[in-house]
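The following note sets out comments on the model, in numbered points. Please read them alongside the sequence and coordinates.

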Amino acid sequence: MPSFDPYERGCPSRDLLDHIGSKWAVLVLGELGRNGTSRFGQLRQALAGVSEKMLTQTLRTLERDGLVSRTVYPEVPPHVEYELTALGQTLREPLKALTEWSVLHIEEVITAREEYDDRTERTR
């Protein structure tokens, strides 16, 4: 069994970290984890600010990585649903912890950003 080290150049786990660490992937995975199977329009409505193109790209990437499944029902118009796969379900807790951390600490981060901006503004 190969050893994967994301700190090594060319390691495929780097790509995976890039995929699951993107803002929209975190939110898509979180939404599917919270509410289960969803249609594209439901996801787009739940994720304020996501463009149709970005949501499509994110869903395709997550499907390719085996984290999301896409089911197409032969209807007119086509009915498509997305849900977490068993592998995708394993990300629910880590991503929930990351999301909760961001909410818990956002005020401190905002303060740090303002202090940084003030310091760098004075040195210009």
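1. A salt bridge is taken here as a side-chain nitrogen of Lys or Arg within 4 Å of a carboxyl oxygen of Asp or Glu. The model is predicted, with local features requiring pLDDT of at least 70 and side-chain atom pairs counted only at pLDDT 80 or more, while totals for chains, interfaces and linings use all residues. Residues are numbered from 1 along each chain as its sequence is written, and side-chain values use heavy atoms, leaving out hydrogens and water.

2. Three salt bridges are found in the whole structure. One of them joins the side chains of E31 and R34 (2.8 Å, N to O). These residues lie three apart in helix α2, and are therefore separated by about one helical turn; helices are DSSP runs of H or I with at least four residues, strands are runs of E with at least two, and both are numbered from the N terminus. E31 is buried at 9% relative accessibility, whereas R34 is exposed at 65% (buried means under 20% relative accessible area, exposed over 50%, partly exposed in between, with a 1.4 Å probe and protein chains only).

3. A salt bridge also links K96 to E100, with the closest N and O atoms 3.9 Å apart. Because they are four residues apart in helix α6, K96 and E100 are separated by about one helical turn. K96 is partly exposed at 43%, as is E100 at 45%.

4. R44 and E52 meet through their side chains in a salt bridge (3.7 Å, N to O). R44 is partly exposed, at 36% relative accessible area, and E52 is partly exposed at 48%.
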